[in-house]
Amino acid sequence: YKTKVALLGKAALGNPLYKKSGNIVKNNWLAALKNKSELGNFTKKFHTSWERFQEYNLGLIINLMLRNQADYYSQYLINRCLPTTAGGLVGVAFPGSIMKFFALNWGSSPFLASQYYTIRMIANMSLKVYEYPYFKYFKTLAKTNEMIPTPTAVSHYHLLDEAFHTTISRVIAQDIYKDFPKPTAYEKLVANITIYLSQKAVLGGLSAGLPAVFRSDASFLLSFYRLLKSPLFNMSSKDSLYWMEKCLCQEHEGIHHNLNYHQSLLSSFRCFFEPLSYLWPVNRELRLMALGGSIERAIKINTQDFQRFSKSVDISE
């Protein structure tokens with residue numbers, strides 16, 4: 001965080017929605033309401049009550065579908081309002097209530113608990129793809145006794161941690177589920193939906209701006225814009241948009257490099273998923289990921305998203 005602030009300035013790390021004026025205009029009414037303590041407390045209580053109501057009904061559905069597995073049902077999950085992740089690859093793939101639905105299933109069935117590690121494997125292998133170059137850079141510096149920057153050292157040790165997680169995920173996902181009773185039709189459905197949504201959200205595209213990222217650049221546009229306007233580049237709004245369009249909406253060497261990452265990871269995933277007998281063909285063969293490995297398609301999607309984004313920016317800034 002300190003490194004980011006030093007390079008980009010604190011203003012570049014927020015997440016407001018920019019319109020013509022360049023100011024935050026969305027959700028101001030909600031912020032105003034929350035400033036009034038009584039109404040803010042009511043909003044918080046209502047949100048908590050709604051979450052519990054939602055989880056209670058999800059719990060009833062899952063109990064019904066997994067009624068033969070009552071011995072495994074998590075008492076911990078019954079009595080708590082479940083927190084959900086807002087970041088990371090899992091947060092991208094399963095937002096809000098969907099994440100709670102899957103969490104309740106994973107905590108209620110031995111088969112689905114082991115199947116969770118197929119999702120974990122997607123995250124592990126995706127992280128390793130882009131962290132491996134940092135790992136190699138660490139090794140190069142270490143061999144010549146050069147000073148190793150702290151972020152590089154963090155990446156090195158984090159890759160070692162991911163390697164451990166990858167090994168564990170492979171063993172649990174590929175082997176342990178076979179020791180449990182064969183999955184029911186419902187369990188197979190839930191398992192396949194999780195893989196399908198993960199493919200669609202995390203692996204279904206090709207970034208033209210970030211290496212080893214396999215989704216469109218739509219969610220990164222504001223970050224790219226802020227990066228170019230930060231003290232690091234100090235560009236005007238007009239110049240920032242010019243370079244964003246050039247980098248994201250036109251073919252260049254970087255996107256070809258990313259396609260190489262994509263093809264390598266696709267091959268690795270297919271080797272990992274092939275032994276999983278319960279998967280639909282669209283998941284076992286990673287068909288959504290394969291579809292996303294197209295430079296022409298990536299540029300077309302980015303062009304549409306960029307045009308919408310550029311209309312929201314005040315170029316007179």
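Biologist: In this predicted model, is Cys-271 buried or exposed?
Modeller: A residue counts as exposed when its relative accessible area is over 50%. The relative accessible area of Cys-271 is 57%, so the class that applies to Cys-271 is exposed.

Biologist: Is Cys-249 buried or exposed, and how far away is the nearest cysteine sulfur?
Modeller: The relative accessibility of Cys-249 is 12%, and therefore Cys-249 counts as buried. The structure holds zero disulfides, and Cys-249 accordingly is in no disulfide. The nearest cysteine sulfur belongs to Cys-247, and its distance is 9.5 Å.

Biologist: What does the secondary structure of the chain come to?
Modeller: The chain has 317 residues, and buried residues make up 38% of them. When the secondary structure is counted, there are zero strands, and the helices come to 15.

Biologist: Which residues does Arg-297 contact, leaving aside its neighbours within four places in sequence?
Modeller: Arg-297 lies in helix α15, and because its relative accessibility is 31%, Arg-297 counts as partly exposed. With neighbours within four places in sequence left aside, the residues in contact with Arg-297 are Leu-291, Gly-292, Gly-204 and Gly-205.

Biologist: Which residues of the largest nonpolar core touch the most other members?
Modeller: In soluble globular proteins, nonpolar side chains tend to be buried together. The largest nonpolar core of this chain has 57 residues, and those that touch the most other members are Leu-203, Met-244, Phe-269 and Phe-273.

Biologist: Which elements give two or more residues to the largest nonpolar core?
Modeller: This core holds 57 residues, and the elements are listed here if they give two or more residues to it. They are α5 (88–93), α6 (96–106), α7 (110–143), α9, α10, α11, α12 (253–273) and α15.

Biologist: Against which helices do the buried residues of α10 pack?
Modeller: Helix α10 spans residues 221–229, and its buried residues are Leu-221, Leu-222, Phe-224, Tyr-225, Arg-226 and Leu-228. The helices against which these buried residues pack are α11 (237–248) and α15.

Biologist: Which backbone oxygen does the side chain of Ser-198 reach?
Modeller: Ser-198 is found in helix α9, residues 185–202, and because its relative accessibility is 3%, Ser-198 counts as buried. Leaving aside neighbours within four places in sequence, Ser-198 is in contact with several residues, including Ala-93, Phe-94 and Leu-203. At a distance of 2.8 Å, the side chain of Ser-198 reaches the backbone oxygen of Thr-194.

Biologist: Which side chain is joined to that of Asn-105 by a polar contact of 2.8 Å?
Modeller: Asn-105 lies in helix α6, and its relative accessible area is 0%, so Asn-105 is buried. Not counting residues up to four places away in sequence, Asn-105 touches Ile-62, Leu-66, Leu-112, Tyr-186 and Val-190. The polar contact of 2.8 Å joins the side chain of Asn-105 to that of Tyr-186.

Biologist: How far apart are the closest N and O atoms in the salt bridge of Glu-285 with Arg-287?
Modeller: Side chains of opposite charge can pair when their charged atoms come close. Glu-285 counts as partly exposed because its relative accessibility is 37%, and Arg-287, at 41%, counts as partly exposed. In their salt bridge, the distance between the closest N and O atoms is 2.8 Å.

Biologist: Which residue forms a salt bridge with Asp-305?
Modeller: The structure holds two salt bridges, and one of them, with its closest N and O atoms 2.5 Å apart, involves Asp-305 and Arg-308. Both residues lie in helix α15 (residues 295–311), three residues apart, which is about one turn of the helix.

Definitions and conventions:
Residues numbered from 1 in each chain as written. Predicted model: local features only at pLDDT ≥ 70, side-chain atom pairs only at ≥ 80, totals over all residues. Heavy atoms only, no water. Salt bridge = Lys/Arg side-chain N within 4 Å of Asp/Glu carboxyl O. Buried < 20%, exposed > 50% of the residue type's maximum accessible area, 1.4 Å probe, protein only. Helix = DSSP H or I, 4+ residues; strand = E, 2+ residues; numbered from the N terminus. Contact = heavy atoms within 4.5 Å. Polar contact = N/O pair within 3.5 Å; in protein donor to acceptor, adjacent residues only side chain to side chain. Core = buried A, V, L, I, M, F, W, Y, C linked by side-chain atoms within 4.5 Å. Disulfide = S-S within 2.5 Å.
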